[in-house]
Amino acid sequence: METFAAVFDVIYQLFDNIGFLILAASGLVIIFGMMGVINMAHGELMMIGAYITAFSYHAGIPAPIAIIFAGIGAGLVGMILERLVIRHFYKQLLSSLVVTWGLSLLLSQGFLIIFGPSILNVPTPFGNFPIGEQTFGIYRLVLFAVAIAMVASVWAIFTYTKFGTRARATMEDPDMANALGVNTGNIYALTFGLGCAMGGIAGGMFALTATISPFFGINYTPLAFITVVTGGSANAISGLISSALSLAGIQTGINNLVNVYIGYVAMIGAAFVILLILPKGISEYIERRKIRVRKVTNK
Amino acid sequence: MVLKVNHLSSGYGNVKIVNDVSLEVNTKEIIALIGRNGVGKTTLMKSLIGHIKSSSGKIYLHDIDITKLSPAKRAALGIGYVPQGRGIFTRLSVLDNLRMGENVGGNPRSTNFERVFQFFPILKERGSQKAGSLSGGEQQQLSIGRVLVGNPELILLDEPSEGVQPNIVQTIGEIIRRLRDEEGLTVLIVEQNLDLIGAVADHCVVMDKGSIVTQLATKDLNNPDVARKYLAI
Ligand SMILES: Nc1ncnc2c1ncn2[C@@H]1O[C@H](COP(=O)(O)OP(=O)(O)OP(=O)(O)O)[C@@H](O)[C@H]1O
Ligand SMILES: [Mg+2]
């Protein structure tokens, strides 16, 4: 029982860490991985999601519905930001970085002024279950499940829907898509909005575990970027999954061998090493392998 | 008349490339736009689909003034654009590339994949393959097939023979004629390949330094001196 509990503990941590990275990155994988926009304000959209969730919850709305509201709200804010600001800075990496950084400051300072330094938190639901001497929170497993469901939906939307086909085409060659009758402006706004909606949902999910403040986003933006960049954009979804698996794996391993802080540092170090070896991210390597395998089997 | 261009000028930034071009393409005509490298043929095609703004002049599709419309609106009105370099979405499957053409002609419900497969059977075979893995000739067929999925009336073809092996060029030529004869399409084609021009064009419009300098009967290009003067050969 003792060893079982210890093993379970490690697996639980691994799931928790994977879920955290995927959830934090699930919106950014669209916005940066697919659209190529360095959105430094992504964490602030998650923050907006957290606020919407908290306000709705305290107004008596059940948490799951409050989180859906968070997605819708953040998605709408995202579409407005895209039309007003972001769209002027596509393909301008540095400008978009500066501009979205500015947006992130505006949003967090704005929330600070309007709502003060903190608001009433939302309790974590579902309670705990014991294994041996230890207890484990059920909600962490729910986070993991939702993270998987979110990447699966992003993948399905971009693979199987008409919107998804048009969005992928537009990201590859907007002029050509436009010349074939696609309103690419709408596609950009919807895609960006979808990424923000995912961020809003993630923010809402995290709102049930964390302190909600105007600077909530800072906890997520860096890790979201590290995960998405390590995954690469050759295939943003498989990249996200493989980078979350490897980074969380290393973090969990070192965490248990040494301690939490070294585990965290090791994860970031691992991201650096992966990017040194594979500058375009893990997914580029996977795609290359696939093509090679296909060529060999074709012969 | 399907397409009418009136004193059109356009270019990149302050650099004027297309200079006072007037041109007419009648229903079910196949007109070849020829001229040496860099004279502005592609720039004119880009102005016609709307990728670059015209600084002066007018473009009419039938009687509709499309000079200020977005490329998407021009496509919806029935212009099928097959650009130089083919404009394939390399990361999409062949089928998804074809689906992207359904807005051409503005009636996405009337899409016709079977018609496309009848002209280009290879596209059916390769349906689920990534378009980037197709050969040059197959990509060219995909680019033409893609606009045919919709309902174009006028097809703008920019150097379909470029980087395509000769037997496929011949197939493409036959298909262009059939599109006109069987489907009643109108075609403006930019070409440098004498065989292809000879096989499809009703007559030729010659461009030099951004302007239309003369018109030729297709058979005039049989004279090597004429051909050498107006084409990059
Ligand atoms: N994006 C661009 N920006 C600035 N100048 C350009 C651009 N594209 C083309 N040009 C210039 O415009 C001129 C005409 O180019 P264009 O591509 O229209 O020629 P073309 O007749 O289609 O040539 P080719 O037969 O080689 O395709 C050239 O001098 C070219 O250098
Ligand atoms: Mg050209």
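Predicted model: local features only at pLDDT ≥ 70, side-chain atom pairs only at ≥ 80, totals over all residues.
Two strands count as paired here if DSSP finds at least two bridges between them. In the chain B sheet, Lys4(B) sits across from Glu24(B), a residue of strand 2. Between the chains, about 1800 Å² gets buried.

**The sheet in chain B**

- Four strands make up an open sheet in chain B, and they run in the order 2-1-4-5 with antiparallel pairing.
- The edges belong to strand 2 (15–25) and strand 5 (64–65) of chain B; each has a single partner strand, so one side of each is left without a neighbour in the sheet.
- Strand 1 of chain B, residues 3–12, pairs with strand 2 of chain B in the antiparallel sense, and seven bridges link the two.
- Helix 1 of chain B (residues 41–49) packs on this sheet, where it touches strand 1, strand 2 and strand 4 (54–61) of chain B.
- The direction of helix 1 makes about 115° with that of strand 1 of chain B.

**The hairpin in chain A**

- Over in chain A, strand 1 (residues 128–131) and strand 2 (residues 134–137) pair in the antiparallel sense over four bridges.
- Pro130(A) is the residue that stands opposite Thr135(A) of strand 2 in chain A.
- These two strands of chain A form a hairpin with two residues between them, and Gly132(A) in the turn takes a positive phi of about 60°.

**Where the chains meet**

- Carbon and sulfur atoms give 55% of the area buried between chain B and chain A.
- On the chain B side, Phe89(B), Arg91(B) and Met100(B) lose the most area to chain A, and together they account for 31% of what that side buries.

**Polar links and who supplies the surface**

- Four salt bridges turn up across the interface of chain B and chain A.
- Asp96(B) and Arg168(A) meet through their side chains in a salt bridge, at 3.0 Å from N to O.
- Eleven residue pairs are in polar contact between chain B and chain A, counting pairs with both residues at pLDDT 80 or more.

Definitions and conventions:
Residues numbered from 1 in each chain as written. Chains lettered and ligands numbered in written order. Heavy atoms only, no water. Contact = heavy atoms within 4.5 Å. Axes fitted to C-alpha atoms, helices over the stretch in contact; angles between N-to-C directions. Buried area = accessible area lost by both parts, 1.4 Å probe. Polar contact = N/O pair within 3.5 Å; in protein donor to acceptor, adjacent residues only side chain to side chain.
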